[in-house]
Amino acid sequence: MRAVLEVLSPGAMASIQDLGRSGWRRIGVPGSGALEPGWLRLGNALLGNPEDAPAIEFLAGGLAVRALELPLQVALAGHCTAELVHAGGRRRLASWRSVCLKQGETLRCGNLAVGRVGYLALAGLAVVRHFGSASTYARAGLGGIDGRLLAPGVRLSVAAGCSGERLLQRPPAVDEAPIRVVPGPQDDHFDAPAMAIFFTQAYRVSAAADRMGIRLDGPPLRHRPDKGAEIVSDATVPGSIQVPGSGQPIVLLADGQTAGGYPKIATVITADLPRLAVMAPGQTLRFAAVSVAAAEQAARAREAELQALIAGIGPLAEAGNGDPQAIYTANLISGVVDAGAADGLPAAVGRSPGER
Amino acid sequence: MPLRQPGAVMNYRILSLGDAVLTIEFGAVIDRRLLAAVAAADQALLQAVAAGQLPGVVETVPTFRSLTVIHDPLRSTRSEVEAAIHAVLRQTAAIVARRGRVWQLPVCYGDQLASCGPDLDQLAAACGLGAAEVVRLHAGGCYEVYMLGFLPGFAFMGDLPPVLARARRSEPRTRVPAGSVATAGSLTAIYPWESPGGWHLIGVCPLPLFSPSWPQAALLQPGDRVRLRAIDAGEFAALQAAAPAMRVAAQPPLAFLAAAAE
């Protein structure tokens, strides 16, 4: 049986994403996919989905969806709260759980308490795939619903039915350690003082943050005069940190261009890129240099951590009339967001990181 | 079939892009010999991947002067991937780059419709030429597709007549319209999609350049050559109206093919 989930509001921005596509950068098609693949996998695990199933990725908050006609199950991942609006009133929900939406019930996601990204995992979403992935890449009209971002009124065909709500025993920790990078491939365009600035000063996520990349604000990084601020274009990847003539670094993300002509001072390691990708405008960060071997070890450690979180998923025990997840709220969120407010959204998404 | 030349693939160095990506760099310029080395390395590594000799490698990305290799750091380590790459490239000879199809694409230049090429006059002034002369020179060229990248179906083509070569704009645009025909340095390109960009915009091509419904998705492939035909505003409008149907067709608009492969 198929059920229908209607998007009442995409919030600031929402799109269908899975774990992305590979093999097509050679014709300029980026991988796209979840900015935080670990959270997408957790959301899918909460529903018993394959880990690469497509879900709704929302930026900043405000996503609202409603079950039409038949009951269906969704799961929420990301540092947010939500509320379930039903005939008898409203019920507040914390994140990192699956939830059954009965006919006519609405789920509204509040603003994100930490970062700018959350996921609503869906059971059995029927969606078009391009180049092996359902991920939306709106610039070229690939994946998702007609290749577009989600808009109010979009109806998603999902599996009907509810099979028991489940909960992540321990949500992912918020880690504020420096973002680890491997210097290069064009760190030779910068002299020692510029590298010292990059590795000692704080950088702030600017308002120019979207799925293509994040422009950082901070002390400018001057190029060596004999090397300059342009290279003959070569391949860029998610995690590439480009430094254009302005000296303000740009970190490329899932939808980032596949080639570029600016020197790349460093590359964010696999383990830390999701942590950077979900940062909201205004958050600050520092960079730390590591070796490739240390980065590989970090990638394995992150994967082991994720597997441990997934192994800790268990049935949700409804404890009386209280919110069984108050413990999460205490850990993550100080001051509960008014999830019902439609206009409580940060304005700072969607501007492009700018020139290529 | 590409012709194999005697001797191994050119000298290269390996650069790290974090723990999951490395770039095999053959040089720092746009040069036919480097393109041949990249093509040879790409073909050899793809064969090695298919033969299971490069565990964990998921993708290779050729550019003018380098080949980027993406692997899964949970399936293979950098030192394993590097050693396997060295072993493959030791046995790889340079090949002559593929000569592909020849296209003739219509372009409405800024001297026909100002909105078509907002930078035409500025570029002409910078080159010490009149706008009509820039159009004549640009439309008179035959450009080779060196690489695809940046955006889906974006073809980096060259070389421009040397008199037209100018560094990119100092202040990039946040919004370049889809179809814009542009120049930067010795290169020219057509933006398949609206995007930010720092190239000089001198005209617009009304044809779609990319569609997932076409067999190869990208209209232009590396090795293809592109001739241009200046069109007026009326022809531009007619082709623009036909473009949506071309994009959903099962084949790219082959009517704009100038000649078969040589």
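Q: Where is A:Trp96 found, and what makes this residue count as buried or exposed?
A: A:Trp96 sits in the loop between strand S7 (89-94) and strand S8 (97-101) of chain A. Helices here are DSSP runs of H or I with at least four residues, strands are runs of E with at least two, and both are numbered from the N terminus. A residue is buried if 20 or more other C-beta atoms lie within 10 Å of its own, exposed if 12 or fewer, and partly exposed in between, with C-beta atoms placed from the backbone. A:Trp96 has 26 C-beta neighbours inside 10 Å, so it counts as buried. Its phi is positive, about 60 degrees, although it is not a glycine.

Q: Before we go on, what kind of model is this?
A: This is a predicted model, in which local features need pLDDT of at least 70 and side-chain atom pairs count only at pLDDT 80 or more, while totals for chains, interfaces and linings use all residues. Residues are numbered from 1 along each chain as its sequence is written, and chains are lettered from A and ligands numbered from 1 in the order in which they are written.

Q: What makes A:Glu69 count as buried or exposed?
A: A:Glu69 has 11 C-beta neighbours inside 10 Å, and therefore counts as exposed. This residue lies in the loop between strand S4 (63-68) and strand S5 (72-77) of chain A. Phi of A:Glu69 is near 60 degrees, a positive value in a residue other than glycine.

Q: Why does B:Leu257 count as partly exposed?
A: Because B:Leu257 has 14 C-beta neighbours inside 10 Å, it falls in the partly exposed class. Its place is in strand S16 (residues 257-259) of chain B. Leaving aside residues up to four places away in sequence, B:Leu257 touches B:Arg101 and B:Trp103; two residues are in contact if their C-beta atoms, placed from the backbone, lie within 7 Å.

Q: Why can we say that the buried residues of H4(A) line one face?
A: The buried residues are A:Val292, A:Ala295, A:Glu296, A:Ala299 and A:Leu309. Seen down the axis of H4(A), they fall within an arc of 145 degrees, so they line one face of the helix. The arc is that of the directions from the helix axis to the C-beta atoms. The face turned away from the buried side carries exposed residues, including A:Ala301 and A:Ala308.

Q: What do the buried residues of H4(A) pack against?
A: In chain A they pack against helix H1 (37-47), strand S12 (166-168) and strand S13 (179-183), and in chain B against strand S2 (13-17) and helix H2 (78-90).

Q: Which elements shape the contact between the two chains?
A: The contact takes 39 residues from chain A and 44 residues from chain B. On the chain A side, strand S16 (234-235), strand S20 (264-268) and H4 each give two or more residues. The largest share of that side, 6 residues, comes from H4(A).

Q: What makes S21 and S22 of chain A edge strands?
A: Two strands pair if DSSP finds at least two bridges between them. The open sheet of 8 strands has the order S21-S14-S15-S18-S17-S20-S13-S22 (chain A), with mixed pairing. Strand S21 (284-285) and strand S22 (287-289) each pair on one side only, and these are the edge strands. S13(A) and S22(A) run parallel, joined by 3 bridges.

Q: What is the omega of the cis peptide bond that joins A:Gly184 and A:Pro185?
A: Omega is about 15 degrees for this cis bond between A:Gly184 and A:Pro185. A:Pro185 is placed in the loop between S13 and helix H2 (192-200) of chain A.
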